[in-house]
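Please open the model in your viewer and keep the sequence panel beside it.

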Amino acid sequence: MELAQQVTRLSKARLYNLVSARAIPHSKRGNKLYFDRSELLEWVAAGKRSENKTVTSA
């Protein structure tokens, strides 16, 4: 979880919400969550973080 917080700069609560919504790459073994650094970096670079999305109005 600390790795995910460092890479994404999101709070632990926000990360849990994203995991719950299956909106962030992760794996789960038993009761533990695992994050792969390269997958998180790709996810951030792809602009999938909600903070990076901007709303445009017409």
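**The whole chain**

Begin with the protein chain as a surface: it exposes about 4,500 Å², of which carbon and sulfur atoms supply 45%, the areas coming from the Shrake-Rupley method with a 1.4 Å probe, and for residues only the protein chains shown count as cover. What you are looking at is a predicted model, in which local features need pLDDT of at least 70 and side-chain atom pairs count only at pLDDT 80 or more, while totals for chains, interfaces and linings use all residues. Residues are numbered from 1 along each chain as its sequence is written, and side-chain values use heavy atoms, with hydrogens and water left out.

Followed from the N terminus on, the elements run α-α-β-β-α. Of the 58 residues of the protein chain, 21% count as buried; buried means under 20% relative accessible area, exposed over 50%, and partly exposed in between, with a 1.4 Å probe and protein chains only. Among contacts (heavy atoms within 4.5 Å) between residues at least 6 apart in sequence, 38% join residues at least 24 apart.

**Colour by confidence**

Next, colour by pLDDT, the predictor's confidence in each residue, from 0 to 100. The mean for the protein chain is 85, and 81% of its residues reach 70 or more. Select residues 51-58, where pLDDT stays under 50 and for which the model has five contacts beyond four places in sequence. Where pLDDT is low, the predicted coordinates should not be read in detail.

**The nonpolar core**

Now select Ala 4, Val 7, Leu 10, Leu 15, Leu 18, Val 19, Ile 24, Phe 35, Leu 40 and Trp 43, the 10 residues of the largest nonpolar core. Such a core is a set of buried Ala, Val, Leu, Ile, Met, Phe, Trp, Tyr and Cys residues joined through side-chain atoms within 4.5 Å. Helices α1 (2-8), α2 (12-20) and α3 (37-45) each supply at least two residues of this core, and the largest share, three residues, comes from α2.

**Along α2**

Keep α2 in view and show its buried residues, Leu 15, Leu 18 and Val 19. Seen down the axis of α2, these buried residues fall within an arc of 100°, so they line one face of the helix; the arc is that of the directions from the helix axis to the C-beta atoms. The buried residues of α2 pack against α1, β2 (32-34) and α3.

**Two arginines in loops**

Select Arg 9, in the loop between α1 and α2, where phi is near 60°, a positive value in a residue other than glycine. Arg 9 counts as exposed, at 73% relative accessibility. Then move to Arg 22, in the loop between α2 and β1 (27-29), where phi is near 55°, again positive in a residue other than glycine. Arg 22 counts as exposed at 75% relative accessibility.

**Thr 8 and Glu 2 in α1**

Return to helix α1 and select Thr 8, which counts as buried at 0% relative accessibility. A polar atom of the Thr 8 side chain lies 2.6 Å from the backbone oxygen of Ala 4. Glu 2 also lies in helix α1, but counts as exposed, at 60% relative accessibility. Draw a distance from the C-alpha atom of Glu 2 to that of Phe 35: the two are 33 residues apart along the chain and separated by 9.5 Å.

The side chain of Asp 36 makes a polar contact with the side chain of Ser 38 (2.4 Å). A polar contact is a pair of N or O atoms within 3.5 Å; within protein, one must be able to donate a hydrogen and the other to accept it, and residues adjacent in sequence count only if both atoms are side-chain atoms. Asp 36 and Leu 3 are 33 residues apart in sequence and 8.6 Å apart in space, C-alpha to C-alpha.

Finish at Glu 42 in helix α3, which counts as exposed at 56% relative accessibility. Glu 42 and Pro 25 are 17 residues apart in sequence, with 9.5 Å between them in space, C-alpha to C-alpha.

Key: Helix = DSSP H or I, 4+ residues; strand = E, 2+ residues; numbered from the N terminus.
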